[in-house]
Amino acid sequence: VVNAPAASSPYTASSDISNSTLSGGAKGILVQGSQASANIHNNPSTITGAVIGVDVDGGSATIYRNNITANGTGVRVINGGQVTSATENFIINNTSEGIRIETGTVTGAINYNDLSGNTGLAINNLSAPMTAATCNWYGSFVPAIVAAEVSANVTYLPYLTTGTDEQ
């Protein structure tokens, strides 16, 4: 989803991405440009094998019930991008980080996700605003291990104490 016209343009690009399997490439899903938005939901098969699974580059995205696994970075937010929410996802086993917020924000919550098994941090917030990320599974119920899975500027308490999906 790319919004190529100038930021002052009245044109928008929006997309609803569901029930898809995306594999390989530089970016599994790219949401780029200030007028671009995506509702990324119900992709249970996988978004896998990309350098970045979901790249929110200046646009906005809602991320709900996806399996984002075995990418370099699961979800990246850059260039003023916004994640309006990230809920009930499996963002697991990525070789870098689960969620990386560089220069953007998460305006809603990151919660009820499995963020386990990522090689780097589960959530790395390099941006100034605090990110609400409560009620996630980090692969352990041990407080010190969970605390080591998140960077500064992340509110992660309370967290889930089991990785079992009980829904």
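Start with the charged pairs: a search of the whole structure turns up five salt bridges. A salt bridge here is a side-chain nitrogen of Lys or Arg within 4 Å of a carboxyl oxygen of Asp or Glu. Before you click on, note that this is a predicted model, where local features need pLDDT of at least 70 and side-chain atom pairs count only at pLDDT 80 or more, while totals for chains, interfaces and linings use all residues. Residues are numbered from 1 along each chain as its sequence is written, and side-chain values use heavy atoms, with hydrogens and water left out.

**Stop 1: Lys27 and Asp55**

Select Lys27 and Asp55, whose side chains form a salt bridge at 3.2 Å, N to O. Lys27 sits in strand S3 (residues 27-32) and Asp55 in strand S5 (residues 52-57), so this pair ties together parts 28 residues apart in sequence. Strands like these (E, at least two residues) and helices (H or I, at least four) are DSSP runs, numbered from the N terminus.

Is Asp55 buried or exposed? Asp55 is buried, with a relative accessible area of 0%, whereas Lys27 is partly exposed at 33%. Buried means under 20% relative accessible area, exposed means over 50%, and partly exposed is in between (1.4 Å probe, protein chains only).

**Stop 2**

Next, pick Arg65 and Glu88, where the closest N and O atoms of the salt bridge are 2.6 Å apart. Arg65 belongs to strand S6 (residues 60-69) and Glu88 to the loop between strand S8 (81-87) and strand S9 (90-92), so the pair ties together parts 23 residues apart in sequence. Arg65 is partly exposed, with a relative accessible area of 37%.

Then jump to Glu97 and Arg100, which meet in a salt bridge at 2.9 Å, N to O. Glu97 is buried at 7% relative accessible area, and Arg100 is partly exposed at 22%.

**Stop 3: the nonpolar core**

Which residues touch the most other members of the largest nonpolar core? Among its 31 residues, they are Ile40, Val54, Ile63, Ile99, Ile123 and Tyr138. A nonpolar core is a set of buried Ala, Val, Leu, Ile, Met, Phe, Trp, Tyr and Cys residues joined through side-chain atoms within 4.5 Å. Colour strand S4 (36-48), and you have the element giving the largest share of this core, four residues.

Zoom in on Val54. Leaving out residues up to four places away in sequence, Val54 touches Ile29, Ile40, Ile47, Ile63, Ile68, Gly74, Val75 and Arg76. Contact means heavy atoms within 4.5 Å.

**Stop 4: Gly53**

Gly53 lies in strand S5 and is buried, with a relative accessible area of 0%. Apart from neighbours within four places in sequence, its contacts include Lys27, Gly28, Asn71 and Thr73.

**Stop 5: a pair of rings**

The whole structure has one aromatic pair. The ring centres of Tyr156 and Tyr159 are 6.5 Å apart and the planes are at 25°, so the pair is stacked. Rings of Phe, Tyr and Trp (its six-membered ring) pair if their centres lie within 6.5 Å; planes under 30 degrees apart count as stacked, over 60 as edge-to-face and the rest as tilted. Tyr156 and Tyr159 are both buried.
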